[in-house]
Each structure stands twice: as C-alpha cells, then as structure tokens.
Amino acid sequence: MHSAPQKTPVIQVLMVCLGNICRSPTAHGVMDKYIQNKKLDKYIRVDSAGTGDWHIGASPDQRAVQAAAGRGYQIASLRARQVCQADFEEFDYLLAMDRTNLRELKNRCPGAHQSKLQLLLQYSNSGHESVPDPYYSGAQGFELVLDLVEEACEQLLLHIQTEHYPELRAD
Ligand code: 4NP
C-alpha cells in the first residue's frame, strides 16, 4: 500500500507590538534572517502585526529601518497590519513585545489558542521582561530593541528546532 507523501509542517511565528512599525517589524526582520541563515525557511515562517490600527499600510519607522540596516537586516519593504482573529488560528506562536500587547492579545484570543500567547522575551536570558517602546526615544532605544530581539530570536529558533524539528539541530 502506498501512503500519501507527508506535507512538511510549517511552524508559524507572529511578532506583535502596538504599531507594527518599530519593534515587531524589527523582530520580524531579525527572525527571518536567522531562519534564512539556517536554511529553515521550509519549516518556519515569521510575520508581524500590531494590536493598534493607526499605522495600517505604513512602512516601518525610518529609525527602525536604519538601525536594522546597520546590522544587516532589510525591513523597509514590510508594511504594517493589525492583528486579526484568523491569526490566532493560523499562527503557532504569537509573541508580544510587552505586557500591554500581551494583555490585548489575551483579551481577543479564543480560549483554545491562549497557550500560543507569550512574551518574546520569555525566550531571552537578558533579564528584561519587555522590549521597551522606542517610539519616543532616540537612536539608542532602537539599538536596545535590536540587542534584546537578537538575543531572544536566537533562543526562540533553538527552542522551535528542539521542540518541532529535533532532526534539524546541527549542534
Ligand atoms: P511599535 O512602536 O509598537 O514598536 O511599533 C510604536 C509605534 C507607534 C506608536 C506607538 C508605538 N504610536 O503611538 O503611534
């Protein structure tokens, strides 16, 4: 008897902040690059969205674009969108940048999917709980976002590999 070929499952990660123009597009760009670097794009997909609707359709903030480019991440072509109900079904990990965003997600998410909601920095050893909103900060705020996001995304990627694709771990 022949069995149908197994479709490779794809783990989907949604990075969530307030506006989807500073922190979550940065996390989106960093995670995407890490996924590409490890040639895991067949297995893991990342997207980003905001809990708010003010910036729908907008490019990332220029300061976020510049800071990211300084470390080799190209995020200028991303466009802001708002979290929608289908996201709670579709994504496996919905990762909030701070407690306010996490609370918003918890309020909107059906009970069956609540366990998908976490803070991104739960995957970090930095001692920080949240990625601080850099919107009203200077350039150093955007560098801190990158520092925190890079460290957490590295751990997150290892976690997803261990949890879902242990055969793909090189170490
Ligand atoms: P983000 O930053 O949530 O990291 O995209 C913000 C962007 C815009 C605003 C607040 C935070 N805003 O108030 O418009």
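## Aromatic pairs

Let's start with the rings: the count of aromatic pairs comes to two. One of them joins Tyr135 and Tyr136, whose ring centres are 5.0 Å apart. Their planes meet at 85 degrees, and because an angle over 60 counts as edge-to-face, that is the label this pair receives. Keep in mind that this is a predicted model.

How exposed are the two tyrosines? Tyr135 has a relative accessibility of 31%, so the residue counts as partly exposed. Tyr136 has a relative accessible area of 77%, so this residue is exposed.

## Around the ligand

Tyr135 also belongs to the group of residues around the ligand.

## Backbone contacts and cover

Several backbone atoms come up to oxygen atoms of the ligand. For Leu18, a backbone N or O atom lies 2.9 Å from a ligand oxygen. Cys22 also places a backbone N or O atom 2.9 Å from an oxygen atom of the ligand. At Asn20, the distance from a backbone N or O atom to a ligand oxygen is 3.3 Å.

How much of the ligand's accessible area does the protein cover? On its own the ligand has 350 Å² of accessible area, and the protein covers 89% of it.

How values were computed
Residues are numbered from 1 along each chain as its sequence is written. This is a predicted model: local features need pLDDT of at least 70, side-chain atom pairs count only at pLDDT 80 or more; totals for chains, interfaces and linings use all residues. Side-chain values use heavy atoms; hydrogens and water are left out. A residue is near a molecule or strand if one of its heavy atoms lies within 4 Å of it. A polar contact is a pair of N or O atoms within 3.5 Å; within protein, one must be able to donate a hydrogen and the other to accept it, and residues adjacent in sequence count only if both atoms are side-chain atoms. Accessible areas come from the Shrake-Rupley method with a 1.4 Å probe; for residues, only the protein chains shown count as cover. Rings of Phe, Tyr and Trp (its six-membered ring) pair if their centres lie within 6.5 Å; planes under 30 degrees apart count as stacked, over 60 as edge-to-face and the rest as tilted. Buried means under 20% relative accessible area, exposed over 50%, partly exposed in between (1.4 Å probe, protein chains only).
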